[in-house]
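This report describes a single protein chain, taking up its charged pairs, its sheet and its aromatic rings in turn. Please look over the sequence and the structure before reading on.

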Amino acid sequence: MIKKQWAEKFVKQAAGVLKSNIYITNRSGQVISASNQQSLGEIYPTAVLSIQRNLPIEVEEDNLKFWNMTFPAVITPIKYKNESYGAIIVSGHPNDIRTHTRLIKINAEYVIAQDIERENDFNQVLSRTQMLSHILFSDHPDIQKYNRNHFKAQLDLDDSFVVATVYINTSSKSKLKKVRDTLENWRLPHDDIIKVSPQEYLLIFKSNQHRGETEREIKTFIEKSSDEYIQEHSLITIGTFESGIRGLVQSHSNCKHLKLLLDEMNINIGVFCYLDYELEVICHTIQDTPFLNQYSLISNYERIIHFGEDNYLGETLEAYFNNHGKLLKTANDLFIHRNTLNYRLKKIHEITKWDPHTVDGIVLLRLAQILYQHQH
């Protein structure tokens, strides 16, 4: 079906160039837009015939009666992907307007194609946003555990991403619009923006080498690209880079729990990264939401013990704990050089983002180990 709005706009612009009367009909031959407004609603059987035959019809002065027309014209069907949408009627002698009519037909079909593609894109984005929202805000645990490959691919969750939440501390419509415009400017083609409320947005940033592939790089990007409205009226929390549906839920959970911690600290403006407050957040929330926090800790620890063919990182970490973090004694117990031990500890840091040389890192690693051992 041809939309009336674009048909009217199209006719007005085309008639201004050709200086001819132009009519657009629907599939029934009824005029839905015309440069001559008095023709609206008229029915042209010749237009129906052109649509049915999928061929242009040229009406000469001497065969007006045959075609049941009152003026000479060229009538051509409008099609897109083998589907008829209507017809274009251009008044005038066929020899004078034949070429112009073909160009009008091409432009009309191009506009229809664009319109359909835009509508399909909108429906796809809407459906995608609804699916993401259902996963993130559903209380049903089975939804969050659903991790089928085709489902992840459909939502672009196979590749690494990070969730960030934006809390806007203003009710001014003009300021809210400026903040929203800024968020749209941050968006790349495969990113997602979900409006939770007028004052809260959820962004899903895909990993990108130019914008950032780590949480702290995303934090730097946001800080550098924020305008005064973001800086003065927003609190932004950044989760952890994850993949898959469980990863989506986990990254969002990290954002929410960081926000709760910041609320208790009376912080309501700025950009904050979960990794900078991970131990504080876990201590603050582990009793309230044990499943999500334990899953995060255990899954991180599993990356260590399953790394490499002989799973040597798990053995290294165990010896490191048994020797209370003493490097030389740990290296001797493992019969490795101290430099090899430092390499392994660095690898643990890269895998988990927990630094074994810091108090916070040791506590998180030990807590993850205990939870893993209890589960197994």
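## A buried glutamate and its partner

Glu-242 is buried, with a relative accessible area of 16%. The model is a predicted one, and the values here are computed from it. Glu-242 takes part in a salt bridge with Arg-303, and the closest N and O atoms of the two are 3.7 Å apart. This pair joins distant parts of the chain: Arg-303 belongs to helix H11 (residues 290-305), Glu-242 to the loop between S9 and H9, and 61 residues separate them. Arg-303 itself is partly exposed, at a relative accessible area of 40%.

## Other salt bridges

The count of salt bridges comes to 14. One of them brings together the side chains of Arg-27 and Glu-83, at 3.7 Å from N to O. Here too distant parts of the chain are linked: Arg-27 is in the loop between strand S1 (22-25) and S2, whereas Glu-83 is in strand S5 (residues 83-91), 56 residues apart. Arg-27 is partly exposed, with a relative accessible area of 41%, and Glu-83 counts as partly exposed at 39% relative accessibility.

A further salt bridge lies within a helix. The side chains of Glu-184 and Arg-180 meet at 2.6 Å, N to O. Both residues are in helix H6, and because they are four residues apart there, about one helical turn separates them. Glu-184 counts as partly exposed, with 30% relative accessibility, and Arg-180 is partly exposed as well, with a relative accessible area of 24%. Through salt bridges that share partners, Arg-180, Glu-184 and Arg-187 are joined into one network.

## The five-stranded sheet

Five strands make up an open sheet in the order S7-S8-S6-S9-S10, and their pairing is mixed. Its edge strands are strand S7 (192-197) and strand S10 (270-273), each of which pairs on one side only. On average, neighbouring strands of this sheet are turned by 20° against each other, with direction ignored.

Ile-194 stands opposite Leu-202 in S8.

Helices pack on this sheet. One of them is H6, which touches strand S6 (161-168), S7, S8 and strand S9 (234-238), and the direction of H6 makes about 10° with that of S8. Another is helix H9 (residues 244-264), which touches S6, S8, S9 and S10, and whose direction makes about 35° with that of S6.

## Aromatic pairs

The count of aromatic pairs comes to eight. One is formed by Tyr-44 and Phe-71, with the rings edge-to-face, 6.2 Å from centre to centre and 70° between the planes. Tyr-44 is in the loop between strand S2 (31-34) and helix H2 (45-53), and Phe-71 is in the loop between strand S3 (57-59) and strand S4 (73-80), so this pair ties together parts that are 27 residues apart in sequence. Both Tyr-44 and Phe-71 are buried.

Trp-186 and Phe-221 form another edge-to-face pair, at 6.2 Å centre to centre and with 65° between the planes. The residues come from distant parts of the chain: Trp-186 is in helix H6 (residues 173-186) and Phe-221 in helix H7 (residues 215-225), 35 residues apart. Trp-186 is buried, with a relative accessible area of 4%. Ring pairs also link Tyr-23, Tyr-44 and Phe-71 into a cluster.

## Charges over rings, and a buried lysine

Is Lys-347 buried or exposed? Lys-347 is buried, with a relative accessible area of 18%, where the cut-off for buried is under 20%. Lys-347 is found in helix H14 (residues 338-352). Apart from its neighbours within four places in sequence, Lys-347 is in contact with Phe-307 and Leu-313.

Note on methods
Residues numbered from 1 in each chain as written. Predicted model: local features only at pLDDT ≥ 70, side-chain atom pairs only at ≥ 80, totals over all residues. Heavy atoms only, no water. Phe/Tyr/Trp six-rings, centres within 6.5 Å; stacked < 30°, edge-to-face > 60°. Helix = DSSP H or I, 4+ residues; strand = E, 2+ residues; numbered from the N terminus. Buried < 20%, exposed > 50% of the residue type's maximum accessible area, 1.4 Å probe, protein only. Contact = heavy atoms within 4.5 Å. Pairing = 2+ DSSP bridges. Axes fitted to C-alpha atoms, helices over the stretch in contact; angles between N-to-C directions. Salt bridge = Lys/Arg side-chain N within 4 Å of Asp/Glu carboxyl O.
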